[in-house]
Amino acid sequence: MRPACTLAATTLDAPDAHALARFYRDLLGWPVRKEEPGWVEIAPPDGGAAGLSFQTELDIEVTDLPAALERAVALGARPADPQPQDDVRVLYDPAGHPFCLFTRTTAGA
């Protein structure tokens, strides 16, 4: 059975993620949802759509990380080394573009 996958954000590569995020924040009128060094995520105020993030990779939320990883590799993706954390897997698609599979963790879990 194929694991459920949901597009969580489109992530744009930017030499200055914060400057590009300010541009799109102002253009779209979306507030900043999350901001870290080298990473900014904006989203519509109603929270109804996937956000727009600024870094270098596509994020795909999955319900079963091991199954999604196995499927992606079977389709031609290759895992990056090292991996950043237990609930995220960074991979390269067949053309070499980076993307992440992740599971959403709950607070306090």
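**Before you start**

This is a predicted model: local features need pLDDT of at least 70, side-chain atom pairs count only at pLDDT 80 or more, and totals for chains, interfaces and linings use all residues. Residues are numbered from 1 along each chain as its sequence is written, and side-chain values use heavy atoms, with hydrogens and water left out.

**Stop 1: the aromatic rings**

Select Phe23, Tyr24 and Phe54. Ring pairs join these three into a cluster. The pairing rule takes rings of Phe, Tyr and Trp (its six-membered ring) with centres within 6.5 Å; planes under 30 degrees apart are stacked, over 60 edge-to-face, and the rest tilted. That rule gives two aromatic pairs.

Start with Phe23 and Tyr24. Their ring centres are 4.9 Å apart and their planes stand at 85°, so this pair is edge-to-face. Now move to Tyr24 and Phe54. Here the centres are 5.9 Å apart and the planes at 25°, so the pair is stacked. Tyr24 sits in helix H1 (residues 17-28) and Phe54 in strand E4 (residues 51-54), so the pair ties together parts that are 30 residues apart in sequence. Helices (H or I, at least four residues) and strands (E, at least two) are DSSP runs, numbered from the N terminus.

Which of these rings are covered? Buried means under 20% relative accessible area, exposed over 50%, and partly exposed in between (1.4 Å probe, protein chains only). Phe54 is buried at 0%. Tyr24 is partly exposed at 25%. Phe23 is partly exposed too, at 47%.

**Stop 2: a nonpolar patch**

Together they make a nonpolar surface patch of about 300 Å². Patch residues have over 30% relative accessible area and no salt bridge; like charges are joined within 9 Å, nonpolar side chains (Val, Leu, Ile, Met, Phe, Trp, Tyr) within 5 Å. Areas come from the Shrake-Rupley method with a 1.4 Å probe; for residues, only the protein chains shown count as cover. Leu27 lies in helix H1 and is exposed, at 55% relative accessibility.

**Stop 3**

Select Ile42. This residue is in strand E3 (residues 39-42). Is Ile42 buried or exposed? Ile42 is buried, with a relative accessible area of 0%. Show its contacts (heavy atoms within 4.5 Å). Leaving out residues up to four places away in sequence, Ile42 touches residues including Tyr24, Leu28, Trp30 and Phe54.

Jump to Leu7, in strand E1 (residues 5-12). Leu7 is partly exposed, at 48% relative accessible area. Beyond residues up to four places away in sequence, Leu7 touches Ala50, Leu58 and Asp59.

**Stop 4**

Select residues 65-74, helix H2. Leu65, Ala68 and Ala72 are buried there. They span an arc of only 65° around the axis, which puts them on the same side of H2. That arc is taken from the directions from the helix axis to the C-beta atoms. An α-helix has 3.6 residues a turn, so residues three or four places apart point the same way. Turn to the other side of H2: Pro66, Glu70 and Ala74 are exposed.

**Stop 5: salt bridges**

How many salt bridges does the rule give? The count is four. The rule asks for a side-chain nitrogen of Lys or Arg within 4 Å of a carboxyl oxygen of Asp or Glu.

- Select Arg25 and Asp26: their closest N and O atoms are 3.1 Å apart. Arg25 is partly exposed at 29%, and Asp26 is exposed at 55%.
- Select Arg33 and Glu41: N to O is 3.2 Å. Arg33 is partly exposed at 46%, whereas Glu41 is buried at 11%. Glu41 is in strand E3.
- Select Glu61 and Arg104: the closest N and O atoms are 3.1 Å apart. This pair links distant parts of the chain, with Glu61 in strand E5 and Arg104 in the segment after E8, 43 residues apart. Arg104 is exposed at 55%.
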